[in-house]
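Here's a quick briefing for anyone opening this structure for the first time. Have the sequence and the 3D view side by side as you read.

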Amino acid sequence: MGKTLSDKVLDAHALDDDEGATHRRVRIDALLGHDATTALIADAFEERNLKVWDTERVIFTNDHFSPPATAERADISNRFLAFARSCGVKHLMLDRGICHQLLVESPLCQPGGLIVGADSHTIMGGGVGACATGMGSTDILYALATGTTWMRWPQTIKVALVGSMPAQCSGRDLILSLLQQLGESGGQYRSLEFHDLTEPRLSQDDRFAVSNMAVELGGKFGVFVPDEVTAAYCEARDGVAPSAMVLPDADASYERVVTIDLSAMRPMVAKPWSPANVVEVAELEEVPITVAFLGSCSSGRLSDLREAADELRGFQIDPAVRFVVIPASVEIFKAALRAGYVESLTEAGAIFNHSSCGPCGGIDKGVLGATDVCVSTSNRNFRGRMGHWESQTYLASARTVARAARRGRLAPDLY
Amino acid sequence: MSNDEIIGRAWVFGDDLNTDVIHPPEFFSLHPDKVKKGLFHKLDPDLQSKLKPGDILVGGRNFGCGSSRETSMRSLLLNEVGAIVATSFARIFFRNATNNGLRCFTFEQSEDHLRIEPGERLTIVVAASKLRLESGEVIGLTPTGPFIQRIWTAGGLLQMPPFGPQP
């Protein structure tokens with residue numbers, strides 16, 4: 001029986017030859033950390049007099065508190081920055097955007113790579129064919145000091161994408177469809193291996209949106225089989241084509257195969273309070289909204305900003321709506337400025353915050369009060385996550401968020 | 001450690017209990033008192049103060065899904081939760097718990113979590129992989145493999161080589 005993509009990547013990184021073991025030690029190619037979760041390990045790392053295994057292979061950025069809104073968060077941020085500087089990490093990216101976006105903007109994120117990060121959405125590196133996964137702070141401390149971690153070899157679910165992406169839909173609608181089908185634990189411990197057989201192929205931004213939320217299915221990896229889209233993205237980013245493209249064997253052994261025909265897909269929305277509580281927009285009851293949020297590592301990329309700008313150019317958002325826009329990185333913000341999207345959205349009534357996690361995790365500016373109803377491009381609508389326990393968040397694509405902002409409501413006839 | 005018993009009262013939860021509910025992000029902090037206080041705060045502001053050391057959390061499918069923030073784990077440890085028994089665990093949460101020496105067990109029969117009453121006294125017989133209810137009934141738990149047991153026995157990942165005592 002042949003091997004899946006994650007089998008091959010893990011085999012290539014195994015540090016022992018104990019193929020029968022349930023858990024094995026592997027080396028990693030890169031490590032990602034942000035202010036909130038990395039600050040938690042600073043004392044324990046320093047008390048043990050540890051050293052970073054390879055300072056060239058670490059990306060640290062402050063994205064949860066960027067810039068900090070309270071004195072306590074400023075203290076956490078400063079602890080993180082002092083730690084990052086004292087360990088000599090080469091890629092300390094101060095106020096440059098969300099760590100997951102910075103990872104995929106970095107040559108450290110390569111097809112076939114094995115990457116760990118101190119945040120669950122590290123899985124987004126799978127958008128370029130890397131086996132990337134999130135971990136807690138203790139795991140990250142261990143990996144930062146040793147360049148290794150322990151792993152199980154996951155079962156793989158093959159997700160075959162066929163048909164063509166409808167003009168009104170994006171990667172967000174695709175991953176919400178998959179969440180509707182599989183549920184919050186439908187990919188638990190699994191590697192989700194995406195085979196893009198669509199015509200034309202999915203854009204790189206759509207792939208990032210899909211990989212990002214593979215963790216909402218419980219996935220360990222959410223990896224696209226690398227192809228010409230991957231190669232073109234890496235070459236434009238790195239100046240050279242990827243040195244290797246790890247592919248699954250044609251006769252690989254899959255636990256399950258799920259096929260999604262994109263041609264039949266419609267704009268989707270996840271209702272409170274689960275990312276798997278998904279219906280078609282057309283099936284919604286009408287819901288007045290008070291907040292629209294376009295941002296987070298799940299979206300906030302250039303194509304998301306373009307879709308929103310296309311929807312709102314020359315129009316005004318509903319006066320009852322606060323529309324918060326946060327580009328996922330400063331590079332994306334600059335590109336959006338050059339393309340005129342920032343001006344179109346600002347003229348329509350949107351407000352821009354600095355590239356960061358923003359209100360997604362209920363931490364930074366834009367959080368919700370008890371009576372707020374939000375439609376958001378972020379990845380989790382768990383109860384209380386974006387603010388007050390009574391607030392409500394619906395998850396949707398950038399286009400749906402923009403249309404809802406203009407209409408002042410989510411409605412079955414948005415499309 | 002593996003031949004001991006864990007005894008505590010049951011706190012019963014459902015499926016897909018996520019880490020934002022376990023520990024709301026507004027309690028994210030480097031200060032232990034604040035982290036400790038935040039446990040389940042939005043779900044039930046009085047729950048944390050009623051927890052007793054050794055109490056056992058019981059859940060359904062996908063316990064601990066969502067964020068990797070280890071403040072959720074720290075809060076469970078600061079509140080001295082004795083163990084967690086669930087139908088299944090989200091992978092990051094399971095790693096975090098194991099790495100910190102908090103023992104997570106899964107039911108052998110997935111529906112068994114419905115047999116546990118809130119507040120009842122539970123006994124986990126670790127070596128036998130059994131859960132004894134207050135009524136004396138015994139429920140099977142999935143045996144934990146040697147790899148995870150080694151981390152438990154060491155007291156967490158940072159007590160393992162190369163950080164902890166060498167073998």
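Two strands count as paired when DSSP finds at least two bridges between them. With that in hand, look at Arg24(A), which stands opposite Met151(A) in β7(A). Keep in mind throughout that this is a predicted model.

**A strand pair in chain A**
- The strand that holds Arg24(A) is β1, residues 24–27 of chain A.
- β1(A) pairs with β7(A), residues 148–151, in the antiparallel sense, and the pairing runs over 4 bridges.
- β1(A) has two faces: Arg24(A) and Val26(A) are on the covered one, while Arg25(A) and Arg27(A) are on the uncovered one.

**The two domains of chain A**
- Chain A splits into domain 1, covering 5–261, and domain 2, covering 269–410.
- Taken over C-alpha atoms, the centres of these two domains of chain A are 24 Å apart.
- Where they meet, 29 residues of domain 1 of chain A are in contact with 31 residues of domain 2 of chain A.
- On the domain 1 side, the elements that give two or more residues are α5 (99–104), α7 (171–182) and α8 (204–212) of chain A.
- The biggest giver on that side is α7(A), with 5 residues.
- Sorted by class, the domain 1 side has 9 nonpolar, 12 polar and 8 charged residues.

**Helix α13 of chain A**
- Is this helix mostly covered or mostly uncovered? It's mostly covered, since 9 of the 10 residues in α13(A), which spans 398–407, are buried by the cut-off of 20 or more other C-beta atoms within 10 Å.
- After α13(A) comes Gly408(A), which has a positive phi, near 80°.

**The largest nonpolar core**
- As background, nonpolar side chains tend to be buried together in soluble globular proteins.
- The largest nonpolar core here has 167 residues, and the ones that touch the most other members are Ala292(A), Val401(A) and Val85(B).
- α7(A) gives the most to this core, with 6 residues.
- Domain 1 and domain 2 of chain A both give residues to this core, so it lies between them.
- Which residues does Val85(B) contact, leaving aside its neighbours within four places in sequence? They are Ile56(B), Val58(B), Phe105(B), Phe107(B), Leu131(B) and Leu141(B).

**Chain B as a whole**
- Chain B has 6 helices and 7 strands.
- Read from the N terminus, its elements go β-α-α-α-β-α-β-α-β-β-β-β-α.
- The radius of gyration of chain B is 15 Å, close to the 15 Å given by the globule rule for 167 residues, so chain B is as compact as a globular protein of that length.
- Along its principal axes, the C-alpha trace of chain B spans about 40 × 40 × 25 Å.
- Out of the 167 residues in chain B, 46% count as buried.
- Take the contacts in chain B between residues at least 6 apart in sequence: 70% of them join residues at least 24 apart.

**Where chain B meets chain A**
- Here 34 residues of chain B are in contact with 39 residues of chain A.
- On the chain B side, α1 (19–22) and α5 (91–99) each supply at least two residues.
- The largest share of that side comes from α5(B), with 5 residues.
- The chain B side divides into 14 nonpolar, 11 polar and 9 charged residues.

- Leaving aside neighbours within four places in sequence, Gln204(A) is in contact with Gly127(A), Val229(A) and Tyr233(A).
- Gln204(A) and Val215(A) are 11 residues apart in sequence, and their C-alpha atoms are 18 Å apart in space.
- Glu390(A) is in the loop between β18 and β19 of chain A, and Glu390(A) is partly exposed, with 13 other C-beta atoms within 10 Å.
- Although Glu390(A) and Ala370(A) are 20 residues apart along the chain, 4.9 Å separates their C-alpha atoms.

Technical notes
Residues are numbered from 1 along each chain as its sequence is written. Chains are lettered from A and ligands numbered from 1 in the order in which they are written. The radius of gyration is taken over C-alpha atoms; the globule rule is 2.2 Å times the number of residues to the power 0.38. A residue is buried if 20 or more other C-beta atoms lie within 10 Å of its own, exposed if 12 or fewer, and partly exposed in between; C-beta atoms are placed from the backbone. Two residues are in contact if their C-beta atoms, placed from the backbone, lie within 7 Å. Ala, Val, Leu, Ile, Met, Phe, Trp, Tyr, Cys and Pro count as nonpolar, Asp, Glu, Lys and Arg as charged, and the others, Gly among them, as polar. Domain bounds come from an automatic or database domain assignment. A nonpolar core is a set of buried Ala, Val, Leu, Ile, Met, Phe, Trp, Tyr and Cys residues joined through C-beta atoms within 7 Å.
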